[in-house]
Amino acid sequence: MRTPVVVIHPCTLFHDGLRQTLKKSRFRPVHIATTPSEELETYLRSLKSCIWLIGVERCVSATNDLVQRVVTTSPGVKPIIIAAYQVADDILAALKAGACGFLCQNIPGEQLIKSLELIALGETVVHPRCSWEQTAVEQIQASREVEEDSSKSHAKNGGSYLIGNSNSRSSSPLMDFAMEPLSESQAGDCVPSLSRREMLILRMLMEGASNKVIALKLVITESTVKVHMKALLRKLRLQNRTQGAIWARNHVKGELSNAPTLASPAN
């Protein structure tokens with residue numbers, strides 16, 4: 001079953017390009033408009049769930065107010081800002097209002113579809129071409145509105161920049177975790193260093209992510225995930241994923257020990 005997509009974007013050329021991009025994907029445009037309207041808000045509220053693409057030059061307070069109104073009454077709607085200009089404060093404000101993603105207007109079609117797939121699974125995504133400054137990360141971490149037990153992680157790997165789970169609208173959009181390789185001093189003298197990608201896979205394995213989810217997050221194929229998984233288990237002298245997840249909980253940094261478990265999608 002294809003996922004419905006509602007679009008607001010002032011450029012009709014974008015509409016045509018989007019239809020072509022989504023033609024062979026799981027996403028189906030069901031309503032496309034150039035400007036917001038009461039009729040559009042009513043239509044969004046009538047949908048049980050959908051992806052909602054909002055094209056803007058810059059995300060302003062009026063856009064955030066609209067997002068907040070809709071998601072308050074229709075939590076199944078997943079708003080995604082597609083902006084020409086990206087400022088850290090704009091990204092923060094949009095995510096706090098309830099947006100599930102913040103993407104650039106020049107995002108390649110394949111990357112757009114990958115991002116939509118992640119967001120449909122309940123993740124929050126910011127594309128790496130957006131101007132994501134360290135100050136934004138610090139602001140999120142310092143926010144007192146965030147529940148302490150809803151730690152989140154991010155992965156940045158040439159495609160989508162994953163910043164957390166969006167099922168809870170009040171959750172922290174991002175909890176910044178170090179991405180340095182796991183060294184022998186951390187894991188024990190008998191364990192060789194892990195690569196950055198292996199470290200990311202290990203963390204997601206600890207969270208309960210399936211190969212499909214890991215592949216989407218890292219923008220690689222499932223077969224590539226399996227190759228990395230075998231190498232990872234071999235380095236750690238483990239036999240299966242379950243042992244890997246247990247090992248990670250005992251050896252990975254303490255701030256990840258309370259990370260929420262990801263819901264694995266049905267294969």
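Arg-19 is partly exposed at 43% relative accessibility, where partly exposed lies between buried (under 20% relative accessible area) and exposed (over 50%), with a 1.4 Å probe and protein chains only. Its salt-bridge partner is Asp-16, likewise partly exposed at 46%. A salt bridge here is a side-chain nitrogen of Lys or Arg within 4 Å of a carboxyl oxygen of Asp or Glu. Helices (H or I, at least four residues) and strands (E, at least two) are DSSP runs numbered from the N terminus.

The model is predicted: local features need pLDDT of at least 70, side-chain atom pairs count only at pLDDT 80 or more, and totals for chains, interfaces and linings use all residues. Residues are numbered from 1 along each chain as its sequence is written, and side-chain values use heavy atoms, leaving out hydrogens and water.

The structure holds six salt bridges, including those tabulated here.

| Pair | N to O distance | Relative accessibility |
|---|---|---|
| Asp-16, Arg-19 | 3.2 Å | Asp-16 46%; Arg-19 43% |
| Asp-90, Arg-58 | 2.5 Å | Asp-90 7%; Arg-58 44% |
| Lys-235, Glu-198 | 2.9 Å | Lys-235 27%; Glu-198 5% |

Asp-90 in helix α4 and Arg-58 in the loop between β3 and α3 are 32 residues apart, and their pair links distant parts of the chain.

The largest nonpolar core has 24 residues, of which Val-6, Leu-44, Trp-52, Val-67, Ile-81 and Phe-102 touch the most other members. Such a core is a set of buried Ala, Val, Leu, Ile, Met, Phe, Trp, Tyr and Cys residues joined through side-chain atoms within 4.5 Å. A second, separate core of 23 residues includes Leu-218, Leu-238, Trp-247 and Ala-248.

Phe-102 also belongs to strand β5 (residues 101–104), both faces of which are covered: Gly-101 and Leu-103 on one side, and Phe-102 and Cys-104 on the other, are all buried. Strand β5 runs parallel to β4, to which four bridges join it, and Ala-83 stands opposite Cys-104. The β-α-β crossover from β4 through α4 to β5 is right-handed, meaning that, with the strands pointing away from the viewer, the path from the first strand over the helix to the second runs clockwise.

Terms used:
Two strands pair if DSSP finds at least two bridges between them.
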